[in-house]
Structures are given as structure tokens and as C-alpha cells.
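Hi everyone, thanks for coming along. I'd like to walk you through one chain today, so please have a look at the sequence and the structure first.

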Amino acid sequence: MFSALADPTRRDIVARLAIGDATVGELARPYDVTVQAVSKHLKVLEGAGLVSRSQDAQRRPVHLEAEVFDLMTKWIERYRLRAEERYRRLDGLLRTMPDDIEPMPPETGAPR
């Protein structure tokens, strides 16, 4: 999923689809690329499960799969909470340390 979103055009397409469904032609309009190029971007997004297409008479609108983004958000939030807990523990440790400790020079790794 994240690699599919690494491309700025694909992120732009996702942002457009957050507003509402659109056809490939509608998605291609703002770009200086062919409809085929946008179709290739959509295939990558479909492969990652981020978008889907349906048949609506003559149109094949592209939909954003919001529940996939919910799963990504939960995954990111889990690691954000872990990092936050680590920083809280570090803050607690730093509060217990005296302020007058001289900093150690960085190790150079050079032989002595």
C-alpha cells in the first residue's frame, strides 16, 4: 500500500477520489499525461486494494476504498503510540538525572 502511494500522481489521484468517484477520463484531465498512463496508475492502486472500479451503465467509476485507509491509520497509530510511550519513558529518565553532568565527547571509532 505504501509503495503504491509513493508516487505523487497516485497520491493526487487518491486525493481527487476522496472528494468523490470519478472515471479514468475525469481523473486524467488535470494531468499532462495520457489516459493510458492514468489507467496504469489506477492498476497499481487497485493492486494495493486502495481503489476499485464498478460498472455504471457506460461508465466505470473509480472508488476509493476507505476501509483500507482505516486499516493503514490503525497500523500507523499503533506504532505512533509505541514511539510516544518510549519518549515518555525517556523523559521520565531524563527528569531523574542531575543537571550538572558534563556531556561525554562522541566516540570517533579511531584506534587509540
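This is a predicted model: local features need pLDDT of at least 70, side-chain atom pairs count only at pLDDT 80 or more; totals for chains, interfaces and linings use all residues.

**A walk through the chain**

Let's start at Val 44, which is in contact with Ala 4 and Arg 10, leaving aside its neighbours within four places in sequence. Contact here means heavy atoms within 4.5 Å. Val 44 and Ala 4 are 40 residues apart in sequence, yet their C-alpha atoms are 6.2 Å apart in space. You'll find Val 44 in helix α3, and with a relative accessible area of 34% it is partly exposed.

Residues are numbered from 1 along each chain as its sequence is written, and side-chain values use heavy atoms, with hydrogens and water left out.

Is His 41 buried or exposed? His 41 is buried, at a relative accessible area of 16%. Apart from neighbours within four places in sequence, His 41 has contacts with Asp 7, Thr 9, Arg 10 and Ile 13.

Now let's step back to the whole chain. The protein chain has four helices and two strands, in the order α-α-α-β-β-α from the N terminus. These are DSSP runs numbered from the N terminus, with helices being H or I of at least four residues and strands being E of at least two.

How does the radius of gyration look beside that of a compact globule of 112 residues? The globule would come out near 13 Å, but the protein chain has 24 Å. That radius is taken over C-alpha atoms, and the globule rule is 2.2 Å times the number of residues to the power 0.38. The C-alpha trace spans about 75 × 35 × 20 Å along its principal axes. Of the 112 residues, 21% count as buried. Among contacts between residues at least 6 apart in sequence, 46% join residues at least 24 apart.

On to the loops. Thr 23 is in the loop between α1 (8-19) and α2 (24-28), and is buried, with a relative accessible area of 17%. Not counting residues up to four places away in sequence, Thr 23 touches Arg 59, Arg 60 and Pro 61. Val 33, in the loop between α2 and α3 (35-47), counts as partly exposed at 42% relative accessibility.

Last stop, the aromatic rings. Rings of Phe, Tyr and Trp (its six-membered ring) pair if their centres lie within 6.5 Å; planes under 30 degrees apart are stacked, over 60 edge-to-face, and the rest tilted. The count by this rule is two aromatic pairs. For Phe 2 and Trp 75, the ring centres are 5.6 Å apart and the planes are at 45°, so this pair is tilted. Phe 2 lies in the segment before α1 and Trp 75 in helix α4 (residues 66-96), so the pair ties together parts 73 residues apart in sequence. Phe 2 is partly exposed at 43%, and Trp 75 is partly exposed at 42%. Ring pairs link Phe 2, Trp 75 and Tyr 79 into a cluster.

Note on methods. Buried means under 20% relative accessible area, exposed over 50%, partly exposed in between (1.4 Å probe, protein chains only).
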